[in-house]
Amino acid sequence: MILYLCILKKESWRYHVYINADTFRPIFIEYLSRNEEGSPLQYIKYLYGYQIYDYKWEDNEDHPCHVNVSSFSPDDELIRTEKYLVTYKNVIVDKIINEDGIEVHNSENLDKDISQIIEEVKAQVIANVGKMMEEKGHLFKGKIAFALFEYVFDAAFPPILALATQEEADREEDPLLAYSAADLLYFSESDEYYFDLNSEGSDKFDILNEHISETLEYEDAVTLARTVYSDICKSPELYEIFNQHLDIADDFHITVFDMDAVDLDEMLPLTVSKEVQQKLWGKQQAYLESRQIPDEYLRIIAEMNEACQVDPEEWQKLVSEAKEVSTSHCYLSDFHFYIQPLLYEQCHREHAPYSDFIRLTGASLTPEPDKSCKHYLDAEGRICMIEQVNNDKITLTKVFKYEPHQIQAFTKRSQRNELDSIATLSLKNGLPDSLINYDLRLKSQDIQTLCEIKYTMEGEHVKQATESTLYFHINENFYSKNIYKYVYTYSPEGKLTKTDTYLENDVFFMSEDFKPLDYSS
C-alpha cells in the first residue's frame with residue numbers, strides 16, 4: 001500500500017494505491033479545491049462509490065458556510081443528498097445544523113463534564129429510537145418479541161437496532177441464536193427499514209466514543225459501555241415507546257451486546273428480568289440436552305480419529321509415491337485444486353483449469369516470492385500433490401490418490417502427527433457419486449467435522465448436491481448439524497452460470513449468478 005500526496009496552490013490530491021506484482025490500483029482518492037483565502041470550495045472522496053462536498057461561504061463577518069453533500073454509488077447513481085449550515089466562533093466551528101434544523105454539532109459539548117455527556121447520550125439514544133418509531137413504526141407488523149441493540153467497541157454509540165418478531169424468536173432451537181440483528185427482518189440498517197440512529201447527537205456520541213476507546217483502560221471502558229447500555233435497555237421511557245408503537249409480546253424485552261466481544265450471555269442478565277432469563281436458559285438447556293452426542297456418532301468420531309492417525313513411514317511412502325508419478329510441477333500463490341466437484345468454480349469464480357493446468361492458471365515454473373504453493377502434476381496432467389512452503393520449509397502437504405472407483409485427498413501439517421483431513425470422492429461410472437470429508441483441523445479447539453455430500457448428475461454435469469455437516473464438540477458432549485442443498489444451472493455450452501442454495505426442508509436461502517472466465521480458447 002502506497003500513499004501519494006499532491007499539493008498545488010488551490011488544489012490537493014491524495015491517493016491510496018494498492019500495488020502487487022503487475023497490479024496497480026487506486027483504492028482511495030481524495031480531492032480538495034480552495035478559494036483565494038484558502039477556504040474549501042469542493043471536496044471529493046472516492047471509496048466504494050464517491051461523495052462530493054460543495055462549500056458556499058456567506059460574505060459577512062462570521063462567514064457561515066453552507067455545505068451540500070451528494071453521495072453516489074460506484075455506478076454514478078445518486079444515493080442521497082444532505083445539507084448543513086456550519087457557523088463559526090472565533091474562526092472555530094461552533095455549530096453544525098442539518099437541513100431539518102437538527103443540531104449535529106455544538107462546540108459547547110466539548111466543555112461538558114463526561115458524566116453529563118453520558119446522561120445526554122442515554123437520553124439521545126432513547127429520543128432517536130422514539131423518532132424512528134414515529135417514522136417507521138407502522139411498518140413493523142406482527143407480535144414483536146424483543147428489541148436488540150448491537151454495537152462495536154471502537155464506536156460504541158450510537159447502536160444499530162433490530163426488532164424480532166415472535167416467529168423469528170421461536171424458530172431457533174437454541175433461543176440465543178435469534179439474537180442477531182442482521183438476520184432479523186426489522187433491522188435499522190436494511191434498505192426498507194433504514195434509520196440513522198446517529199441523526200441527532202452525533203457530536204455527543206463522538207465525545208463518549210473517544211472517552212471509551214482512548215481515555216479509559218480497556219476493562220473500565222467495557223464496563224462503562226455495558227453500564228450505559230444497560231441503563232438504556234431498562235429505561236421505562238424506552239419500553240413505553242415500543243409499547244406505544246408496536247404490538248409487543250407479554251415477555252417483550254430490550255437487550256444489547258457488543259458484536260466484537262459477542263457478550264450476549266453477560267448482557268442478558270444485566271438487561272432483562274429474571275423471568276425472561278429463566279425462560280431463555282430453560283429453552284437453551286433443553287436444546288443442549290437434545291444435542292448430546294449419541295452413541296452412533298461417538299462411533300463415527302472414533303473412526304475419524306483412527307483414520308487420521310498416520311505412521312510417519314506410511315506418510316513418507318505416500319509422499320514418495322506422489323513424487324514418483326509426478327512428471328512436472330509449477331508454483332501458485334494458493335491451492336488451485338480440489339477433488340470436491342465445482343468447489344474450484346465457487347472459490348475462484350472461474351472455470352476449473354484442470355484441462356491445461358499450468359497454462360490456464362498462469363503458474364510459474366520456478367519459485368517466486370508470492371507463489372509458495374508447489375503443485376505436482378502426473379503424466380495425465382492431474383494434480384498428485386501440493387506443498388505449501390514458508391521460509392523454505394514445507395508447512396502443509398496435500399497428497400491426492402487416484403483409483404478407478406474413488407479419488408482421495410490427504411492433508412497434513414508438518415508439525416502434526418495426525419492428518420488434518422481425509423476427503424474421499426466416490427465415483428460411479430467415472431462420475432461423482434458422493435464425498436465424505438473427515439476434518440480434524442480444529443481438534444485443538446474441540447471441534448471435529450464430518451461432511452457428507454451426495455451428488456445428483458445430469459449427463460456429465462452435477463445437477464444437485466446435498467450437503468450434510470456434523471460439528472462435534474467432544475469435551476462438551478455436544479453436536480450441531482447443518483444441511484444445505486445446492487442446485488446448479490448451466491449455459492447451453494455447459495458452463496456453470498448459477499447456484500441456488502436451500503436450507504433444510506428446501507427453504508430457499510440464496511441465489512448466486514456469476515460469469516466465470518472462459519477457458520475454452
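## Salt bridge between Arg 359 and Asp 356

In this predicted model, the side chains of Arg 359 and Asp 356 meet in a salt bridge, with a distance of 2.8 Å from N to O. The two partners fall into separate classes of accessibility: Arg 359 has a relative accessibility of 52% and therefore counts as exposed, the cut-off being over 50%, whereas Asp 356, with a relative accessible area of 32%, is partly exposed. Side chains of opposite charge can pair when their charged atoms come close.

## A network of charged side chains

Another salt bridge joins the side chains of Asp 420 and Arg 413, at 2.9 Å from N to O. Here Asp 420 counts as buried because its relative accessibility is 2%, and buried means under 20%, while Arg 413 is partly exposed, with a relative accessible area of 24%.

Arg 416 forms a salt bridge with Glu 418, and the closest N and O atoms of this pair are 2.7 Å apart. Both Arg 416 and Glu 418 are buried. Through salt bridges that share partners, Arg 413, Arg 416, Glu 418, Asp 420 and Lys 443 are joined into one network.

## Surface patches

On the surface, Glu 99, Asp 100, Glu 134 and Glu 135 gather in a patch of negative charge. One of these residues, Glu 99, has its place in the loop between strand S8, which covers residues 92-98, and strand S9, which covers residues 103-106.

A nonpolar surface patch of about 330 Å² is made by Leu 503, Val 507, Phe 509 and Met 510.

## Ser 326 in strand S14

Ser 326 is found in strand S14, which is made up of residues 326-332. With a relative accessibility of 19%, Ser 326 counts as buried, since the cut-off for that class is under 20%. The side chain of Ser 326 reaches the backbone oxygen of Ser 328, at a distance of 3.2 Å.

Terms used: Residues numbered from 1 in each chain as written. Predicted model: local features only at pLDDT ≥ 70, side-chain atom pairs only at ≥ 80, totals over all residues. Heavy atoms only, no water. Patch = residues over 30% accessible without salt bridge, like charges linked within 9 Å, V, L, I, M, F, W, Y side chains within 5 Å. Areas by Shrake-Rupley, 256 points an atom, 1.4 Å probe, with all protein chains shown as cover. Salt bridge = Lys/Arg side-chain N within 4 Å of Asp/Glu carboxyl O. Lys, Arg positive; Asp, Glu negative; His and termini not counted. Charge placed at Lys NZ, Arg CZ, Asp CG, Glu CD. Helix = DSSP H or I, 4+ residues; strand = E, 2+ residues; numbered from the N terminus. Buried < 20%, exposed > 50% of the residue type's maximum accessible area, 1.4 Å probe, protein only. Polar contact = N/O pair within 3.5 Å; in protein donor to acceptor, adjacent residues only side chain to side chain.
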